[in-house]
Amino acid sequence: MVTVPLTHFLDSHGNSIRLGKRIGSGGEGDVFELLTSPDTTVAKVYHKPLDVQKQEKLRLMARGCNDELKGISAWPTDVLSTRSGGPVVGFLMPRIADAEPIHKVYGPTHRKETFPHADWRFLVRAAKNLAAAFYVIHKYGYVIGDVNEGNILVSDKACVRLIDCDSFQVRSDDCLYYCEVGVAQFTPPELQKSTNFRLARSANHDNFGLAILIFQLLFLGRHPFSGVYSGKEDMPLDKAIAEFRFAYGRNAGQRSMAPPPNSVGPAIIPGHIAELFELAFAESGTKNGGRPTAGDWWDVLDPFEGKLRRCQSDAVHHYYVGLSSCPWCRLEETSGVLIFLSADTITKIDLRREWQKVEAIHPPGPIPVITPDLYRLRPAPLVPAVRRSLAFRKFRQVIGVTIALSCLVFAIIEVITDPLEILLLGIIAIALFFLPGIEDKERKQRWAALDTAGYMWRLWSRKWTEEAGDEAFLTQLNRLKDLRNAYEDIDRQYRSGLLALEGSVRERQMNQFLKTQPVDRTTLPRLGGGLLATLKAGGIVSAADVTPSALRRIPRLDPGITGELIAWRERLEKVFLYDPSKGVERSEIRALVHRFQPQMRPVERELVQGIARLSRIQQDVSKKRVMLRPSVEKRAQELAQAKADYRIFESAVEEAIRQDIQAISKRLFSR
Amino acid sequence: MSDDMYLDQQPLGAVTFAENPEPRCPCLLLLDTSGSMAGEAIAELNAGIKSFYNELQGDSLAIKRVEVALLSFGPVRIISDFNTAECFFDPLLEAEGDTPMGEAIRKGIELIRARKEQYRANGISFYRPWIFLITDGAPTDEWQSAAALVREGEQSKAFAFFTIGVNKADMKILKQISVREPVKLQGLKFREFFQWLSNSMKSASRSNPGDRIQLAPPLGWSEI
């Protein structure tokens, strides 16, 4: 038993294999990088000791490994053990990076997120590559068995890779190593009834799953057996498969099936390819070899790629040339769903351009006001009996109030003095006022509706203001503005540093140039030999030395000469040609870069990510506004309706009581 | 106005199905939000629901397949109708009122029926719906007819109905409502429960869209 996770194993040749970090974990085992070749090879190590059968299966697979298998799958390349000659505890396989499960390719929502550039050509190519991968597996006599949406990966170049290969069915001369798992959605009808998968499976079984996946790739994730069923009972997928209810098939009608609304099917592909689906999903397919093979699919899909046309009205739509019009335009129109996205380009970090992106993000603007007050609704009418009961109650209440008031008045003017009488009259008044009539049931119902509507409105309006408001957007926009300023600031510092460097280099070059201009070469008429000697004695040999301060140090120098010398130097400076190529030393620039790059990087990164975030917030807010709006409006309207419905009772009971209490208290206070 | 709004809403359902035709795995939560749940219990329940949603949203298949509806009772309110994890509505529930469990069950079963109709009309396959009733008390209304509906639904495999008792829940009545043995929640381990539920939903959404039910044993949160 392995209790401590080991990192040191032996391959079948006794070579030492050291594991690096863990990159995946599953029910059966963990997957690790190799320390020596982390990018190309990984190791799967099982949690539990393997039975002899499984060990032998892995050895067989590793022995059978070749470049073709390695090219299309995470095929076991060698087995691992903990000691020489010990049991197999894991295996090595090629690393498959940058690929996503196939369900993220055929499902439109995920495809648009994960493969935004993928158009229908991509999907057709993925289908063809899928057939190619199955072809290789079958060619060497293996069976995948557990075909499913999670263990087939697709790269952003539409290349297909199979993973979880250790579950494949492997055949040796004298033994069959089963694939003991499966997913109903991809399991052929003849195996739907089996309670376990301890049975011999064939390529023909795999070919059912292959046809399902090709169907899903070509037709936007629709499962061929998921359709509108006209029978009364539930029609789960496994049952539909077992009963050959291919919803798009020639005989779908006879099997009470129809394609779902807003779907595309075999009608958008050539008849001979559609025919392959018929064969794959029909009863005749259950016979061994009855279904189209991976090779058959490849043979039709490969030439089909050349028969696609770009849509005139939307360049991202591609469809079969044999159709008279673009099926995607039609589907987008009827369903209101954007099926393919236009390709997006990745740009280099360029502040101006980045900021254009920010400006292109349309601010969501202030949150649309939704309140119950927006709705002027007529209350639901009362049935006549309730209306009468309510009217009578109002009448009773008036009487009750009158009795109460007169009782009070009589008590005040001392016509009635017996407290019992007052009590009796009071009780009568209260009874008249409060005793409910048949309208009370209606009132309670409306009150409950109002209560619920108020509660729901509270929940939804809170969510609305929290999620559909533009506060997060504005906060993020301000953050981006700060970042832009910070970025510009650093950029300015960097450039002025660069300028300073260049300036000093220019100065140095100029200085060198001026040094090559000796004072004796001046053509100044007043500069004679004696004066020249004086200058030289004062250290002024070339034009480079001619500076006002140096000249000042020369005793008794004619200011006119000084002026002429300075003018001479200035003339030379003007003819000087700066050679930027011989400019700044690389090391000096590097120092500058080293100083500013670390400052810019995080700002740059945050800026770019922040723009993406801003866009996400914007999309999220608009999405939330669209998504939540009907619900919020519905709640607002429901509350408005409930309020309107209750108003009639409110004015009758509540208002009256309130007025009475006010009147009584006023009277009491005035006394 | 109101008529237009509903006309606009109808195709929306079908549109989502066109974009995401994956088989659906519906799950209905019937949550007791009666007054006795006030305080820590409701706070834990809310936290549990939130983590439940987060878990499902983190799983690329479950996010497309699992649909959750919330119905709270005390009084009975549809907090959110069936939605995939992409657009879950996770409100902060408030505790109030009594425990009209019977009405909640009847309404919940009706929600399931209506959703299944939509699946059927749009050619979307679905797994057998799960209903979880979570309560800390006993029904304050007529519940026998609801129990009959539960039995009927279980028998026709229209759904699977589970009951979870919290604190002083009347386990005897729960036993009469549900065909399946009620489970008692350990303390207020709502989070553990929802963790278990999301794991179960995730694995169910990968299995066969049929009538088989695969639930892991309720470990870590129940009093078994």
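**Two helices in chain B**

Hi everyone! The crossing of H4(B) and H5(B) is left-handed. Keep in mind that we are looking at a predicted model.

Let me place these two helices for you. H4 covers residues 101–121 of chain B and H5 covers residues 144–155; they pack at an angle of about 35°, and their axes are 8 Å apart. In case you wonder about those two numbers, packed helices are described by the angle and the distance between their axes.

Which residues of H4(B) meet H5(B)? On the H4(B) side we find Gly102(B), Ile105(B), Arg106(B) and Ile109(B). Their partners in H5(B) are Ser145(B), Ala146(B), Leu149(B), Val150(B) and Gly153(B). By type, the residues of this contact divide into 5 nonpolar, 3 polar and 1 charged.

Now let's stay with H5(B). This helix has 12 residues and reaches 17 Å from its first C-alpha to its last, close to the 16 Å expected at 1.5 Å a residue.

Which residues of H5(B) are buried? They are Ala146(B), Ala147(B), Val150(B) and Gly153(B). Looking down the axis of H5(B), you would see the buried residues fall within an arc of 125°, so they line one face of the helix. Here is a handy rule: an α-helix has 3.6 residues a turn, so residues three or four places apart point the same way.

What covers those buried residues? The cover includes H4, strand S5 (160–165) and helix H6 (171–177), of chain B. Turned away from the buried side, the other face of H5(B) carries exposed residues: Gln144(B), Ser145(B), Ala148(B), Glu152(B) and Gln155(B).

One last stop: just after H5(B), Lys157(B) takes a positive phi of about 60°.

Conventions:
Residues numbered from 1 in each chain as written. Chains lettered and ligands numbered in written order. Predicted model: local features only at pLDDT ≥ 70, side-chain atom pairs only at ≥ 80, totals over all residues. Axes fitted to C-alpha atoms, helices over the stretch in contact; angles between N-to-C directions. Helix = DSSP H or I, 4+ residues; strand = E, 2+ residues; numbered from the N terminus. Left-handed = near helix turned anticlockwise from the far one by under 90°. Contact = placed C-beta atoms within 7 Å. Nonpolar A, V, L, I, M, F, W, Y, C, P; charged D, E, K, R; others polar. Expected span 1.5 Å × (residues − 1). Buried ≥ 20, exposed ≤ 12 C-beta atoms within 10 Å, placed from the backbone. Arc of directions from axis to C-beta.
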